[in-house]
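Please keep the sequence and the structure in view while reading.

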Amino acid sequence: VQLVESGGGLVQPGGSLRLSCAASGFTFSSYAMRWYRQVPGKERELVATISSTGGSTNYADSVKGRFTISRDNAKNTVYLQMNSLSFEDTAVYYCHAAIYSNGVVNYWGQGTQVTVSP
């Protein structure tokens, strides 16, 4: 299983970024996918979840109305569109999949840094 994030960077407050996570090594279309974020010294925070078909999504209260999670099962890719970014969104963003293989195994990408700064 491999998850590779991309799309992070430096953006001004109020700006937008789109993160991508390319997945391989498992049947992508069978699993829900999640985006987390982490700030140094704090616990990793669940940002958004999308069901295997993309028909259901959930968001942390802190990003509702600003972030949109989506997926393209033909491309084995999950996205996080982030709009109206603020300083509080600065974090390393991680893609996550929980794969069932003799129990649940959690897989994480390497993370992509998002920095919101003037």
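This is a predicted model: local features need pLDDT of at least 70, side-chain atom pairs count only at pLDDT 80 or more; totals for chains, interfaces and linings use all residues.

Residues are numbered from 1 along each chain as its sequence is written, and side-chain values use heavy atoms, with hydrogens and water left out.

Strands are DSSP runs of E with at least two residues, and they are numbered from the N terminus. Two strands count as paired if DSSP finds at least two bridges between them. By this rule β9 runs antiparallel to β4, to which five bridges join it; R34 has H96 in β9 as its bridge partner. The pairing of β9 with β10 is also antiparallel and comprises five bridges, and here A98 stands opposite N106 in β10, while Y100 has V104 as its partner. With β11, β9 forms three bridges, again in the antiparallel sense, and A91 faces V114 there. Nine of the 10 residues of β9 are buried, where buried means under 20% relative accessible area, exposed over 50% and partly exposed in between (1.4 Å probe, protein chains only).

The interior comes next. In soluble globular proteins, nonpolar side chains tend to be buried together. A nonpolar core is here a set of buried Ala, Val, Leu, Ile, Met, Phe, Trp, Tyr and Cys residues joined through side-chain atoms within 4.5 Å. The largest such core has 29 residues, and those with the most contacts inside it are F26, M33, W35, V78, L80, M82 and Y93. Two or more residues each come from β3 (17-24), β4 (33-38), β5 (45-50), β7 (67-72), β8, β9 and β11 (112-116). The largest share, five residues, is given by β9.

F26 also takes part in ring contacts. Rings of Phe, Tyr and Trp (its six-membered ring) pair if their centres lie within 6.5 Å; planes under 30 degrees apart count as stacked, over 60 as edge-to-face and the rest as tilted. The structure holds five aromatic pairs. The F26 and F28 pair is tilted, because the ring centres are 6.2 Å apart and the planes stand at 55°. F26 and Y31 make an edge-to-face pair, with 5.8 Å centre to centre and 70° between the planes. F26 and F28 are both buried, and Y31 is buried as well. Ring pairs link F26, F28, Y31 and Y100 into a cluster.

In the hairpin of β9 and β10, which has three residues between the strands, N102 takes a positive phi near 55°. N102 counts as exposed, at 87% relative accessibility. S84 is partly exposed, with a relative accessible area of 45%.

Finally, what lines the largest pocket? Its lining consists of R37, Q38, V39, K42, E43, E45, F87, E88, D89, T90 and A91. These residues divide into three nonpolar, two polar and six charged.

Definitions and conventions
On a 1 Å grid over the protein atoms alone, a cavity is a set of points where a 1.4 Å probe fits but cannot get out, and a pocket is an open set with protein on both sides within 12 Å along at least five of seven lines; lining residues have an atom within 4 Å of a point. Ala, Val, Leu, Ile, Met, Phe, Trp, Tyr, Cys and Pro count as nonpolar, Asp, Glu, Lys and Arg as charged, and the others, Gly among them, as polar. Helices (H or I, at least four residues) and strands (E, at least two) are DSSP runs, numbered from the N terminus.
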